[in-house]
Amino acid sequence: MQKRKKKIYTIIILLLANLFLSSYIFFDKNGEIAFLNVGQGDSELIRTKEGQIVLIDGGPTAQVLEELGKELPYWDKTIDLVILSHPHADHLVGLNYVAKKYKIKKVIEGSKASDTPEYKTWQNIKKQKNIPTVRLSKGSRIILSKNESMDVLWPEKNYDDKDLNNDSLVINFTAEGKKYLFTGDAGSKVLEKIGEKLKADYLKVPHHGSKTALTQKALSDINPKKAIIEVGENSYGHPAQSILGLLKKNRIPYFLTLNGSQFLYY
Amino acid sequence: MKAKLLGILLIGFLAGTAAGTFFNYDISNFFIAAIAFFLVMSVATKKWIHIFVSLAAIFIFAGFEMGCNAANFKIKSEPTSISGFIAKVDQNIYQKSINFYVKEKEKDSYLEVRTGKDVEYKVGDYVLISGNITAADLPKYKKDHIYYFVQYPEIRKIKKPNSGRYENFLVKKAILINRLNEYISDRISAVLPQPHAALSVGVLLGGSSAFSKDLSSKFSDTGITHILAVSGYNVMIIATVLFKFLKKKPQKIKIWGAIFGVWVFAVLTGMSASVVRASIMALVLIIAKLAGRDYYPFSSLMLTASIMVFLNPLILMYDLGFQLSFLAVLGIIYFGPLVGLMFKKRNIFTEIIIATISAQILTMPLIAYYFGKVSIVSFAANLLVLPAIPFLMLFSFITFAVYLVSPFLALGVGFFNWVLAEYVVKTILYLSSLPWAKVNIEFGFTALIVVYILLIDIKILSLRYAKKKKENLHDYYSLAG
């Protein structure tokens, strides 16, 4: 009886060890972009072909942790790069929880700081954990690998707008020839100023699809094949019917994170 | 026989309390009359049946009186400010606001505060709250001694005031338990990702608030939320593990060790109704075994319920955890043998299946009444998930213990923990994704009573079949639920 028990335990342990190793060896080696379902807010995760992890924004609550738990393997507790598009709570608060739980190697932010309590917490955590922050503006380029890089299209240096949304980092991510446009909460006013550099295959619609998110001109400049709207239950009327109508008119299929995270692979 | 008679008297007490809270009508004259009747009977006729009946009347009226008084209790004043220490903080990282509870200085009353997350509030902080404080005149709050509410008030942290010995003890106890809980859950969360960490901490120490709204609703759709509220099931696991662990030690050490362990666990997890119930019953079970007496699960259950209701009459009608816990045990005691007829073989697995199904027979109607839904997959979910819980508890504890030695090694041990948690989460996600996972139904109070009467009928009708082959579950299943 004792012997049999020992045998069973050994088999179970070996099976688990097997699972552990095989999941490591056969882990997805494709590039992946996940538009995470974090409620009413923004959060996107990029896993490059070499396995670097980039997180753009963190959503309004800790829900991003559950999503990271799904996307990252068990032992991975490092995020190579965090990009904060702008310091509004629905993009920032989740990052405070991420910073507590994961090791963040580097942070990239736009030009402006903020004096909200959540931003103070963010600054404190970064200081505590010695996470270096780089502030970027229009014209910078983030090189992730030979075939993967990000162009910063906005904000312009010394650009002044009362609306913090219009200070959002707008980033065009190029991976193996395909382009993915991350827009934060930037309004159509900003997009129209950027012009033709917006051209991309996939678009994260700005500002949860609010009324002022897109215009026909901006959408023509981008000319995406597919659009993703980061949106949850809300009382602001996001996504606006006019924006959905505009996308339909241009025959651009769109997907909402309201019903679950959305994925793109390359 | 004696134990059974006591059981009957206690049913009278509980029924009286329920009626008292419900009808809210002063009958102290009847109570006095019943006592007089009892005295006269016991002297005059000396027939035991008369004495018993009059004794039963006393129990019923005493219960009625208590229930009535508790329900009638009104909070008179609405102060403009309250000072005291923070006794409990509900930290839900998935919400934008927090709730915390301030114990009023030198009083046994609490103020529920809802506020933003800008400032960190910790258990044991002394605060002065001023704002639009309103009386919480609802029994479901009064049962927890929450007498006042306030939303987004002005909060000032103050220095520790001079206070009595007992007050100092209370604040120290609250801080100790809170910091120990935090210490353990921080270590586990450092190893495991979410929601695995929340689940591991949840089954070990309780706490269902550590999940996103999305996942919480899936737990509830599959009827599995109870694994996150530490319940009698955890107490049963702890008691049996301790018994096994102390197997070779002398009887005395074994028994006191188990009692001590169970009660430390109860205090550590915040003394919820179901844990207290199971802990008292464990105490009764162990004492019965020690004295070499028979253990009557039903009488033990009634005794436990009566003690708890005597201490706080409002929990009988207004504490869902208390009600579910008792119904689950009643189900195991009364429907266990009936469900057991379906199985020829008896081993640990079939016993778990029997206990799981029989417990749910009685809890399901109440859940339907409270939440307006019935989880169809609940049986399957519980059968698949519950057997994994003892192992999940064990590995969560080991992960924590190993982390103290080496965080790196903990990552290795934690993998087993992660696999178990992943299994539970995936099972719940799968079952809740089935289109017929739950059915929303309108279920009123009358319907609830009708269903329970039907269930009692089924039990009575089945008595003659079950008696032929009377095989009860092991005694310690009466702790679960």
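What share of the contacts in chain A with a separation of 6 or more comes from residues 24 or more positions apart? Those residues account for 62% of them, where contact means heavy atoms within 4.5 Å.

Before selecting anything, note that this is a predicted model, in which local features need pLDDT of at least 70 and side-chain atom pairs count only at pLDDT 80 or more, while totals for chains, interfaces and linings use all residues. Residues are numbered from 1 along each chain as its sequence is written, chains are lettered from A and ligands numbered from 1 in the order in which they are written, and side-chain values use heavy atoms, with hydrogens and water left out.

**Stop 1: chain A as a whole**

Along the principal axes, the C-alpha atoms of chain A fill a box of roughly 75 × 45 × 40 Å. The radius of gyration of chain A is 20 Å, which agrees with the value near 18 Å that a compact globule of 266 residues would have; the radius is taken over C-alpha atoms, and the globule rule is 2.2 Å times the number of residues to the power 0.38.

Switch to a surface view, and chain A presents an accessible surface of about 12,700 Å², of which 54% belongs to carbon and sulfur atoms. Such areas come from the Shrake-Rupley method with a 1.4 Å probe, and for residues only the protein chains shown count as cover. Of the 266 residues of chain A, 56% count as buried, where buried means under 20% relative accessible area, exposed over 50%, and partly exposed in between (1.4 Å probe, protein chains only).

Chain A carries 40 positive and 30 negative side chains, with the centres of the two sets 7 Å apart. Lys and Arg count as positive and Asp and Glu as negative, while His and the chain ends are not counted; each charge is placed at NZ of Lys, CZ of Arg, CG of Asp or CD of Glu.

**Stop 2: backbone details in chain A**

Most residues other than glycine have a negative phi, and most peptide bonds are trans. Select A:W154 and A:P155, which are joined by a cis peptide bond with omega of about 5°; A:P155 lies in the loop between β10 (148-154) and β11 (170-175) of chain A. Next, go to A:H238 and A:P239, where the peptide bond is again cis, with omega near -10°, and where A:P239 sits in the loop between β14 (226-229) and α7 (241-249) of chain A.

Then centre on A:H207, a residue other than glycine whose phi has a positive value, near 45°. A:H207 belongs to the loop between β13 (202-204) and α6 (216-222) of chain A, and at a relative accessible area of 19% A:H207 is buried.

**Stop 3: chain B as a whole**

Now select chain B, which has 18 helices and 9 strands. In chain B, 47% of the 481 residues count as buried, and the accessible surface comes to about 24,500 Å², with 67% of it belonging to carbon and sulfur atoms.

**Stop 4: the sheet of chain B**

Display the strands of the open sheet of 7 strands, whose order is β5-β6-β3-β2-β1-β4-β7 (chain B), with mixed pairing. At its edges stand β5 (134-135) and β7 (154-157) of chain B, each with a single partner strand, so one side of each is left without a neighbour in the sheet; two strands pair if DSSP finds at least two bridges between them. Strand β4 (residues 126-130) of chain B pairs with β7(B) in the antiparallel sense over 4 bridges, and B:V127 stands opposite B:K157 in β7(B).

**Stop 5: two residues of chain B**

Select B:E106, in the loop between β2 (97-104) and β3 (110-116) of chain B, where phi is positive, about 60°, although B:E106 is not a glycine; at 46% relative accessibility this residue counts as partly exposed.

Finish at B:G12 in helix α1 (residues 2-23) of chain B, which is buried, with a relative accessible area of 13%. Not counting residues up to four places away in sequence, B:G12 touches B:F59 and B:I60.
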